Amino acid sequence: MIIRQATGSDADAIATLLSKSFLEDTAIVRVSIENNPRYSISNMYVIEEKGLSEKIAGCLRITPFEICTRGVKTTMAGIAAVAVQPEVRRRGIAEALMEEALRKMYEMGYPVSMLFPFKQHFYKKFGYAYVGNMMQYEFSPGNLMNFEERSFVRPFTKADKGKVKKVLLQEVQTHGSFTPVRNDGFWDLVVLPKFKDAYVYDTGEVKGYVVLEFYKEATTVIGQPGEQAINIKEFVGLDAAAHRSLWGFLAALGEQVTKIRFLAPADYPLHSFLKEPRERDYRRLFFEYKTFSTLASGFMLRVINVPDSLRNLRHSLELPMDFVIRINDGNLPQNSQNLNVHVHNGETTVEETRRPLQFETEIGIFSQIYSGFLKPSDALKYGFASGELGIIQKLDELFKAPAPFIYQYDIF
Ligand SMILES: CC(C)(COP(=O)(O)OP(=O)(O)OC[C@H]1O[C@@H](n2cnc3c(N)ncnc32)[C@H](O)[C@@H]1OP(=O)(O)O)[C@@H](O)C(=O)NCCC(=O)NCCS
């Protein structure tokens, strides 16, 4: 097996393999490989296998991203387009590609990597851990409160392009949690053409927008048409009034649609904008519990370089904080060292030490802690880590972050 970086002459073979593996049209895949604002063919890695009739046995892509988290911009390597020829599957080809990708991402200096798994179990072996909890809501427009601010909502026009870009950037810079920063090329080529049913909140300055997709639900009763519904593709509000206005606007669409779907960050307080936080056809079987969303299990994250990821934590802890941590990493053993971490006045220094350990865990659990998904105290409580109780409260404070979130258009 030989693993190498792809070149232009591999484009046809990669497009054929990806279209076969993801059941997409080869011509469309080919265009997206060669003319993509987020990556180029040189971000692809291919594996060759002797005796195979196809030119390549498998491939994957390491997509370069910029993300914002805890108010800091950093780089992130997005793993995607992992595919292997059907006739040579279950022989360890994807595993070999992943091992090589981990080494490459470390060499390239990425602190973290993220991916959307076909199966979480497969990527756990490589230190990736589930962090992408989201809520998939379904509710009727009539359940939304009628906020007065809705009068400031108007249709999006071409002249608003720069304004919505600015709104999203500001939101991601201030509240993003492992959220990709969208580049201009991706906005113009991929996202803005989808702004067909988009609305902005404008009080003289645009401070929010929503992008809708109208669709018809499949028929459930023969002879009756399916429900008219809206899928919220993107919802961004910079202040409280922006959120109220956009929800108020959607509340007024009750004559047109009967259902709204919204994939939201796990910590978004949607219940505060609803009259009754409960499912649409609630029949009062129980009044103790009402369901109004389902858990949507999304992406996984892996810390690639433990010391660098810790250095990126620019925390404003008032008191200086020192602790010794060890993260055991079977795939990248360079990470398995005792590290002294010193946090003070927004600066974090990290160096190897012989001092006794105060917190120890493995890379997957550390990746969940680093993303803010798992509290260090819970890792200790449920036996996923060992450590000193005395420092745990401060560790909880240090790693606190909003729920990791990737906007739907940025899924890779
Ligand atoms: C997903 C995909 C890339 C996996 O490729 P692959 O080369 O078959 O993967 P591997 O052989 O490395 O691993 C697959 C399984 O076979 C097992 N395996 C590896 N070598 C083996 C061997 N010699 N004998 C038996 N099983 C083996 C692996 O342990 C793994 O098991 P697990 O799923 O329980 O962890 C391939 O099925 C594919 O292209 N699918 C369609 C596209 C897709 O879904 N891509 C993923 C996007 S995230």
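Is Glu 138 buried, partly exposed or exposed? I looked this up before anything else. Glu 138 is partly exposed, because 14 other C-beta atoms lie within 10 Å; the cut-offs are 20 or more for buried, 12 or fewer for exposed, and partly exposed in between, with C-beta atoms placed from the backbone.

**Ground rules.** I am working from a predicted model, in which local features need pLDDT of at least 70, side-chain atom pairs count only at pLDDT 80 or more, and totals for chains, interfaces and linings use all residues. I number residues from 1 along each chain as its sequence is written.

**Glu 138, continued.** I placed Glu 138 in strand S7 (residues 133-139). Strands here are DSSP runs of E with at least two residues, helices are runs of H or I with at least four, and both are numbered from the N terminus. Leaving out residues up to four places away in sequence, I found Glu 138 touching Lys 259, Arg 261 and Arg 280; contact requires C-beta atoms, placed from the backbone, within 7 Å. I also noted Arg 278, which is 140 residues from Glu 138 along the chain, with 9.3 Å between their C-alpha atoms.

**Whole chain.** I have 11 helices and 20 strands for the protein chain. The C-alpha trace spans about 65 × 60 × 50 Å along its principal axes. Buried residues account for 37% of the 412. Of the contacts between residues at least 6 apart in sequence, 71% join residues at least 24 apart.

**Domains.** I list domain 1 (2-110), domain 2 (135-297) and domain 3 (303-398), with bounds from an automatic or database domain assignment. The centres of domain 2 and domain 3, over C-alpha atoms, are 37 Å apart.

**Ligand.** I looked at the 16 residues around the ligand, of which Val 84, Arg 89, Gly 92, Ala 94 and Glu 95 come nearest; a residue is near if its C-beta atom, placed from the backbone, lies within 6 Å. Helix H1 (11-22), strand S4 (72-84), helix H3 (93-107) and helix H4 (120-124) each give two or more residues to this shell.

**Core.** The largest nonpolar core has 107 residues, and Ile 14, Cys 59, Leu 97, Tyr 209 and Met 300 have the most contacts inside it. Such a core is a set of buried Ala, Val, Leu, Ile, Met, Phe, Trp, Tyr and Cys residues joined through C-beta atoms within 7 Å. I followed Cys 59 beyond its neighbours within four places in sequence and found contacts including Ala 6, Ile 14, Met 44 and Ala 83.

Most residues other than glycine have a negative phi. Leu 23 lies in the loop between H1 and helix H2 (26-34) and is exposed, because 7 other C-beta atoms lie within 10 Å. Phe 178 is in strand S9 (residues 177-180) and counts as buried, because it has 27 C-beta neighbours inside 10 Å.

**Asn 312.** I found Asn 312 in the loop between helix H8 (306-311) and strand S16 (321-328). Asn 312 touches Val 72, Thr 74 and Pro 111, not counting residues up to four places away in sequence.

Terms used: Two residues are in contact if their C-beta atoms, placed from the backbone, lie within 7 Å.
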